[in-house]
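Please keep the sequence and the 3D view open while reading this note. Each point takes up one spot at a time.

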Amino acid sequence: MKTIDFSKYSSIKIGPITQIKIINKIEKENESYTIIGGANNLLVSNNPPKLAKLSKDFDYIKEEGDFLYVGGATPSGKVVSYCKKYDIKGFELLQKLPGLIGGIIKMNAGLKEYEIFNNLIAIKTVNGYVKKEDIDFGYRYTNIKNIIYEGVFEKKDGFDEKLFEYFELLRKNQPNLPSAGSCFKNPPNSYAGKLLEECGLKGYRVGDVGFSNKHANFLVNYGEGTFKDAISLINLAKKSIFEKFGVKLELEIVVL
């Protein structure tokens, strides 16, 4: 077990000090835990479920034939640096996208039409390898319930420097304050940030948590933000957007 202070560990710097399990091997009993990964898109309450984190044993990148095997605890930055060095395409979208591969697969992270599932072949869980075609997935969504210990990807030559620079440019409008990333998924044919801005919520604060002045869909912590502040602001946004546009916003961040 390990003690984690989520007010320091999580990207939004909100949450309690609590004990988490460190997972060193694949076993059935791990499935009763919620994996926190790098806590880059988590909002953790003072009463979270049982939490765990994969150990460094699951931080690796291996090449075998036409496949790339990436451990679930491997940081996105390590993967994109490796692929750039060895001229492997398909991972340019990880530029400036924080997180560990397990969590990135779980939420099918990406930007615009570029998603991690685009060149995913399979995942490794407690039940062995599960093929991509046996997983229900979509925009920022998968139905994966088990812990992801490894991702298996198609390995193709040709790292795209222009695409890499494109993702870097797109992410320059993201705030530098502590944040859990995009708060809401983009609804069909629209953008969550645009709707929030049109409701006057860009820069709006509850306590020390607000929607960024730089990008309205980023929930940011101005210093002493609390879970209660964040949930109050999220609920206000959902209510305002529905009343004005009839749109039900879905969370992209994960609330525990």
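**Notes on the predicted model**

1. Aromatic pairs. The count comes to nine aromatic pairs. The rule takes the rings of Phe, Tyr and Trp (its six-membered ring) and pairs them if their centres lie within 6.5 Å; planes under 30 degrees apart count as stacked, over 60 as edge-to-face and the rest as tilted. One of the pairs is phenylalanine 6 with tyrosine 9, and this pair is edge-to-face. The centres are 6.2 Å apart, with 80° between the planes.

2. Ground rules. This is a predicted model, in which local features need pLDDT of at least 70, side-chain atom pairs count only at pLDDT 80 or more, and totals for chains, interfaces and linings use all residues. Residues are numbered from 1 along each chain as its sequence is written, and side-chain values use heavy atoms, with hydrogens and water left out.

3. Phenylalanine 6 and tyrosine 9 in helix H1. Helices (H or I, at least four residues) and strands (E, at least two) are DSSP runs, numbered from the N terminus. Phenylalanine 6 and tyrosine 9 are separated by about one helical turn, because they sit three residues apart in helix H1. Are these residues buried or exposed? Buried means under 20% relative accessible area, exposed over 50%, and partly exposed in between (1.4 Å probe, protein chains only). Phenylalanine 6 has 0% relative accessibility, so it counts as buried. Tyrosine 9 has a relative accessible area of 27%, so it is partly exposed.

4. A pair across the chain. Phenylalanine 58 and tyrosine 149 form a tilted aromatic pair, 5.3 Å centre to centre, with 45° between the planes. This pair links distant parts of the chain, 91 residues apart. Phenylalanine 58 is in the loop between strand E5 (51-54) and strand E6 (61-64). Tyrosine 149 is in the loop between strand E14 (141-142) and strand E15 (150-154). Both phenylalanine 58 and tyrosine 149 are buried.

5. Tyr114, Tyr166 and Phe167 form one aromatic cluster. Which charged residues lie over the face of a ring? Lysine 62 lies over tyrosine 60, at 4.6 Å from the ring centre. Arginine 205 lies over tyrosine 222, at 4.0 Å from the ring centre. The test asks for NZ of Lys or CZ of Arg within 6 Å of the ring centre and within 35 degrees of the ring normal.

6. Strand E11 and its partners. Two strands pair if DSSP finds at least two bridges between them. Strand E11 (residues 120-125) pairs with E15 in the antiparallel sense, over four bridges. Here alanine 122 stands opposite valine 152. E11 also runs antiparallel to strand E12 (residues 128-131), again joined by four bridges. Threonine 125 stands opposite glycine 128 in E12. A hairpin of two residues joins E11 to E12.

7. Helix H2. The buried residues of helix H2 (residues 76-85) are Ser76, Val79, Val80, Tyr82 and Cys83. They cover an arc of only 160° around the axis, so they are on the same side of H2. The arc is that of the directions from the helix axis to the C-beta atoms. Their cover includes E6, strand E7 (67-71), strand E8 (88-89), helix H3 (101-106) and helix H4 (161-170). Just after H2, aspartate 87 takes a positive phi of about 55°.

8. Serine 11. This residue lies in the loop between helix H1 (6-9) and strand E2 (17-23). Serine 11 has a relative accessible area of 17%, so it is buried. Its side chain reaches the backbone oxygen of asparagine 40 at 2.8 Å. Contact means heavy atoms within 4.5 Å. Leaving aside neighbours within four places in sequence, serine 11 is in contact with residues including Ala39, Asn40 and Pro178.

9. Asparagine 119. This residue lies in the loop between strand E10 (114-115) and E11. Asparagine 119 counts as buried, because its relative accessibility is 9%. Not counting residues up to four places away in sequence, asparagine 119 touches Lys89, Gly90, Phe91, Val152, Phe153 and Glu154.

10. Asparagine 221. Strand E20 (residues 218-221) holds this residue. Asparagine 221 is buried, with a relative accessible area of 2%. Its side chain reaches the backbone nitrogen of glycine 225 at 2.9 Å.

Definitions and conventions:
Polar contact = N/O pair within 3.5 Å; in protein donor to acceptor, adjacent residues only side chain to side chain.
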